Every structure is written in structure tokens, then in C-alpha cells.
Amino acid sequence: MKHALVTGAGGFIGSHLVARLKKEGFWVRGVDLKFPEFSDTLADDFVEADLRDQQVVRDVIDYRFDEVYQLAADMGGAGYIFTGDNDANVMHNSATINLNILEACRKRFVKRIFYSSSACMYPAYNQKDPDNPNCAEDSAYPAAPDSEYGWEKLFSERLYLAYNRNYGMDCRIARYHNVFGPEGSWNNGKEKAPAAICRKVAMADDGDEIEIWGDGTQTRSFLYIDECLEGTFRLTRSGFTGPVNIGSDEMISINGLVQLVAAVAGKKINMRHISGPLGVRGRNSHNRLIRDNLGWAPSAPLRAGIERTYQWIEQQVIRSRGRNIESHEDRAPAR
């Protein structure tokens with residue numbers, strides 16, 4: 001039996017990754033500050049611990065794992081990353097985790113590590129045109145990410161590559177593009193655009209108006225969780241180091257995303273555009289490198305993933321309303 005370690009196993013991608021590894025017959029240890037929020041973990045051993053602590057990391061990496069998936073990070077959606085209020089925590093926490101994990105793996109002779117970087121490390125100057133963003137892997141330099149989150153990701157990419165060169169490690173690096181799906185954050189301030197819009201539409205009545213940050217013409221591509229996992233495993237077990245994009249190249253505007261979610265919900269939704277954190281004007285995965293090196297690239301249509309995600313978030317909204325009604329009834333005075 002092969003053994004895998006998943007850090008960030010209590011998060012959205014990490015919990016799905018654990019489940020996929022178990023289906024493949026791995027013994028899995030998961031580590032995170034918290035257990036998964038929406039379902040029980042399938043990890044054989046789940047360690048609830050802080051990976052910023054060197055001793056904790058040494059304790060969980062206690063033998064030579066066959067595969068390590070490093071997804072632990074301090075992150076969130078635009079409301080968390082782009083306000084500037086969380087920059088120090090984002091950089092310190094994530095960098096500390098990566099430094100600790102790499103050094104502990106080196107000492108335990110664990111060579112194959114997957115590191116989840118982000119498309120947020122791409123230069124802002126190449127993403128000003130919403131219709132023609134440049135996110136090819138070789139466009140990363142001269143570096144100019146639009147957030148401290150992106151700068152930390154870029155630093156950590158270089159850290160993993162340095163360990164490959166200097167210590168004979170066999171790390172793999174992927175730049176994720178806006179991963180979404182069921183069991184992701186949807187109402188805690190760290191949710192990303194697909195979840196936030198699904199929540200707003202689910203809470204709205206037919207013909208209602210919802211608020212959208214910016215003018216809605218900013219563009220993105222969004223990757224469904226199943227394809228994220230497929231790309232992750234293909235890269236980890238390949239002879240290609242990366243960094244490489246793992247993302248969809250089906251670009252859509254935020255206004256278009258609202259219209260798509262509304263169509264899935266069967267509702268007419270109006271938009272009111274307000275000021276708010278936006279990030280870059282355009283971003284889309286460039287997939288030539290992944291096709292050339294892995295013979296594969298994400299291809300599932302965005303609508304298919306939105307249909308599954310909307311259904312799940314709609315269920316969460318209904319349950320949340322039910323709990324609120326019960327709570328209100330519990331507080332009501334006896335008559």
C-alpha cells in the first residue's frame with residue numbers, strides 16, 4: 001500500500017484530494033487546522049494541527065511518504081486577498097508552512113511533493129485587457145503580481161525549485177486557476193466568485209437584484225474540482241516539474257457568470273454594480289504547456305460544473321434558512 005500526506009486536508013481542494021487518494025487505495029494522512037466543514041474526512045489519520053509550528057511538521061512527516069500534496073495556505077477570495085487587510089498574515093503564514101514542509105521532507109528523504117501555486121502570481125501588467133490576458137507560464141517575469149498573496153506564491157515556487165536543484169528533490173508545481181465546486185466556502189468571506197454568485201442567486205427571488213463588484217466586464221476562467229484533481233495527479237506522477245497552469249481556458253465575464261448561474265437556477269436576475277475589490281481585469285488559463293507535457297488539459301464545460309455547484313449551494317441556503325427559523329422560534333417568548 002502506498003502512503004500519501006495531504007496538507008490543507010480540511011479545506012475544499014484538500015478534502016476532495018483525500019477522497020480521490022482513498023479511492024486509489026492509498027493510506028492517507030491529512031493535516032489541517034480544522035476538519036472538513038461539510039463532510040467527514042476519509043483520511044486514515046487526520047491530524048488537527050498548525051503547520052507553522054516546526055515540531056508539528058516534523059511529527060506528521062515521520063517517515064518517507066510516497067506522495068506529499070502541499071495545499072495548506074492562508075487564502076480566500078477577492079474580499080480577503082485584495083483589501084490589503086490580511087497581507088502580513090497571508091505572506092507570513094503561507095511562507096512559514098512551505099519552509100517547514102520542504103525542510104522536513106528533505107530530512108525524511110521524501111522527494112515527490114506537489115505544490116499548489118496560483119495564477120495570482122502572474123504579472124498584473126499582462127492582465128489589464130479583459131479580452132486578451134496573457135497567462136502563459138513564460139510570462140511570469142518580470143514579476144509584478146497584483147497582490148501579496150501572488151508574491152508569496154511566486155517566492156514559494158522558487159523555493160521548491162531551489163530544493164529540486166540543491167537537494168535532488170522531485171517537486172511538482174501547478175498554478176491553479178479559480179477552482180470551484182461543492183463543499184467549498186460559500187458564505188464565510190473567503191468564498192470565490194462562482195460560490196458567491198451562486199449564493200446570491202440562490203437567496204434571490206425571481207426578478208430580484210443582486211450586487212456585483214465592479215462593472216462586471218472583468219474576465220476569469222473557472223476550473224471544476226474534478227478536473228483540478230485529474231490535473232494534479234497527472235502532474236505529480238509525470239516526469240514534468242512545471243510550473244504549469246491547471247485551469248480551464250473557457251473565459252467568461254463576471255456579468256456572463258451571473259447570467260449563467262441565473263439560467264441554471266431558472267431565474268431572471270438583475271445586477272447592481274458597486275465598488276469592491278476586483279483584482280486584475282482579465283485572467284484566463286493558457287493550456288499549451290500542459291497539453292504538450294501531459295497530453296491532457298481541462299475540457300469540461302463551465303456550465304456542467306456550475307450546475308452541480310449551484311445545486312449544492314442552494315441546499316446550503318435552504319438549510320441555513322431553516323436553522324435561522326428554528327433559532328428565531330427558540331428565542332421567541334412563551335405565550
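**First stop: the second largest cavity**

Select Gln 70, Leu 71, Ala 72, Ala 73, Ser 94, Asn 98, Tyr 115, Ser 116, Glu 152 and Lys 153, which line the second largest cavity. On a 1 Å grid over the protein atoms alone, a cavity is a set of points where a 1.4 Å probe fits but cannot get out, and lining residues have an atom within 4 Å of a point. This cavity has a volume of about 30 Å³, a volume being the space filled by probe spheres set on the points, with grid points joined across faces, edges and corners. Its lining divides into 4 nonpolar, 4 polar and 2 charged residues; Ala, Val, Leu, Ile, Met, Phe, Trp, Tyr, Cys and Pro count as nonpolar, Asp, Glu, Lys and Arg as charged, and the others, Gly among them, as polar. Elements α4, β5 and α5 each supply at least two residues of this lining.

The model is predicted, with local features requiring pLDDT of at least 70 and side-chain atom pairs pLDDT 80 or more, while totals for chains, interfaces and linings use all residues. Residues are numbered from 1 along each chain as its sequence is written, and side-chain values use heavy atoms, without hydrogens and water.

**Helix α4**

Next, select residues 87-107, which form helix α4. Helices (H or I, at least four residues) and strands (E, at least two) are DSSP runs, numbered from the N terminus. Helix α4 has 21 residues and reaches 31 Å from its first C-alpha to its last, close to the 30 Å expected at 1.5 Å a residue (1.5 Å times one less than the number of residues). Its buried residues (under 20% relative accessible area, 1.4 Å probe, protein chains only) include Ser 94 and Asn 98. The buried residues of α4 pack against β1, α2, β4, α3, β5 and α5.

Move on to Phe 109, in the loop between α4 and β5. Is Phe 109 buried or exposed? Phe 109 is exposed, at 54% relative accessible area (the cut-off for exposed is over 50%). Although not a glycine, Phe 109 has a positive phi of about 60 degrees. Most residues other than glycine have a negative phi, and most peptide bonds are trans.

**The loop between β5 and α5**

Select Ser 139, in the loop between β5 (113-118) and α5 (148-167). Ser 139 is buried, with a relative accessible area of 7%. A polar atom of its side chain lies 2.6 Å from the backbone oxygen of Ala 136. Beyond its neighbours within four places in sequence, Ser 139 is in contact (heavy atoms within 4.5 Å) with residues including Tyr 122, Pro 123 and Asn 134. Pro 142 lies in this loop as well, and the peptide bond from Tyr 141 to Pro 142 is cis, with omega near 0 degrees.

Arg 172 lies in strand β6 (residues 172-176) and counts as buried at 2% relative accessibility. Its side chain makes a polar contact with the side chain of Asp 170 (2.9 Å).

Finally, display the largest cavity, with a volume of about 50 Å³. Its lining includes Phe 180, Glu 227 and Gly 305, and β10 (223-224) and α10 (302-331) each supply at least two residues. By class, the lining has 7 nonpolar, 2 polar and 2 charged residues.

Note on methods:
Polar contact = N/O pair within 3.5 Å; in protein donor to acceptor, adjacent residues only side chain to side chain. 1 Å grid on protein atoms, 1.4 Å probe; cavity = no way out; pocket = protein on both sides within 12 Å on 5 of 7 lines; lining within 4 Å.
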